[in-house]
Amino acid sequence: MTLQDPGLLRMEALIGGSWIARPDLAVYNPATAEVIGSVPDCTGAETDAAITAAQDAMSTWKQVDHATRADLLMGWHDLMLAHKGDLGRILSAEQGKPLAEAEGEIAYGASFVRWFAEESRRINGKIIPVPGKKLMALREPVGVAAIITPWNFPNAMITRKVAPALAAGCTVVIKPSELTPFSAIALGVLAERAGIPAGVINIVTGLPTEIGKALTQSPTVRKLSFTGSTRVGAMLAGQCAPTLKRLSLELGGNAPFVVFDDADLDAAVDGAMLSKFRNGGQTCVCANRILVQAGVYERFIDKLTARVDALSVGPGDAGHSDIGPMINAAARAKINAHVDDAIAKGARQVSRKRDLAAQYADPVVLRDASLDMRLASEETFGPVAPIFRFETEAQALDIANGTPFGLAAYFYTTDMARAFRFAEALEFGLVGLNTGAVSNAEAPFGGVKFSGLGREGAQEGIDEYLSTKAFHIGGI
Ligand code: SIN
């Protein structure tokens, strides 16, 4: 990989300001299966050392005034944007997404750092009137935070957690996905260059079991923020229970995307393309079930299929690719199993069939999807667009809410009364009306039900890293 600044592709863990090099674990390019490099597989003892370093750094970091913290975060933000090209190349190489989309993720990731740099100036407490004394509610950093992040957004899922943590005065130990550690490490390099003090950001690379145990069992770690599957999130929550940590869990979804007869159909197709095929379908907020009302069912399918047929699938660094490789063989096997199951149960592929190399997944439109298919109840996490037909609004609502998950939901209508009625009835943390995008730094992002706990981004995002101390003053 050719970088303008080769120093950004570092292959080391970062503990208390020291870089640890040990080539234990290879990292592959999912498009070529070539080894990009390798990173240490950090041990439990190294993770404990990172926790101690974070704890030591916190005693000074939490005293740094808010304006200085904001300046340091803005410096980090500016470096991210200045190195967007290189960060995008690293991200695309290890994760697979097309270069333009990878650079888009760098800008998206940096936007959280900017937002929380700004928010750090507004961590206000309260003065509460009570008879006979003064009562204040003070806002304090919760403590050392463990940050466990996924492979699908190797940059933005880190900044969305780390920026509010640092803004609040917490220090962090990051455990990036073992599939995509280099984007995390590059963020560590830039944090160091921005002057963020040693020990404030620690990065432990490696396999999850031992590192996860050390992070969740440590009484020093007061907060865990995790993005990943509901199964792993529930397991981590269980591991955190004995030490009663604060939790933010951004977990799986099964997003409905509902198109009513009165929708602007071209806008609905644009939204479906964005929501379904972003990152090749590998996001928690991707449309998983596309529900289309009977009156526009055929027209919607024709329009969507034309757009899907025009998608280009290929390596992330080939300028023309819209969809890169899937992350690994297990992901591809699940996608293929969902398509095969749907076809065996009566769905029909209406998009063109492509002859793709094994690392890619065919972007597929499936008509006549039904609720007994696996893709109706499980998150496919790939470029598969199953189209379900519905007749009435009540039926659409039943199907949309008929899932234990509650992350994102989308719907398209031009009827404003229905817009409010339906939005309020949807049991999801994020609702998009006439838009296929629900992710930005200003928006509270998170789910209900099996999709998790807490909110990221927005004003709420910083609350996750703060606790409230009631300060009672008598005798005045
Ligand atoms: C995710 O897939 O977990 C996050 C998607 C987003 O930030 O939009």
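This is a predicted model: local features need pLDDT of at least 70, side-chain atom pairs count only at pLDDT 80 or more; totals for chains, interfaces and linings use all residues.
Residues are numbered from 1 along each chain as its sequence is written. Local features need pLDDT of at least 70, side-chain atom pairs count only at pLDDT 80 or more, and totals for chains, interfaces and linings use all residues.

Helix α3 covers residues 84-95. Helices are DSSP runs of H or I with at least four residues, and strands are runs of E with at least two, numbered from the N terminus. From first C-alpha to last, α3 reaches 16 Å, close to the 16 Å expected at 1.5 Å a residue (1.5 Å times one less than the number of residues). Of its 12 residues, 9 are buried (under 20% relative accessible area, 1.4 Å probe, protein chains only). Among them are L87, I90 and L91. The buried residues pack against β3, β4, α2, α4 and α6 (contact means heavy atoms within 4.5 Å). G96 follows α3, with a positive phi near 110°.

The largest pocket has a volume of about 1100 Å³. A pocket is an open set of points on a 1 Å grid over the protein atoms alone, where a 1.4 Å probe fits, with protein on both sides within 12 Å along at least five of seven lines; lining residues have an atom within 4 Å of a point. The volume is the space filled by probe spheres set on the points, which are joined across faces, edges and corners. The lining has 38 residues, and W151, G228, S229, R231 and V232 are the closest to the pocket centre. Helix α8 gives the most to the lining, with 6 residues.

How values were computed. Side-chain values use heavy atoms; hydrogens and water are left out. Buried means under 20% relative accessible area, exposed over 50%, partly exposed in between (1.4 Å probe, protein chains only).
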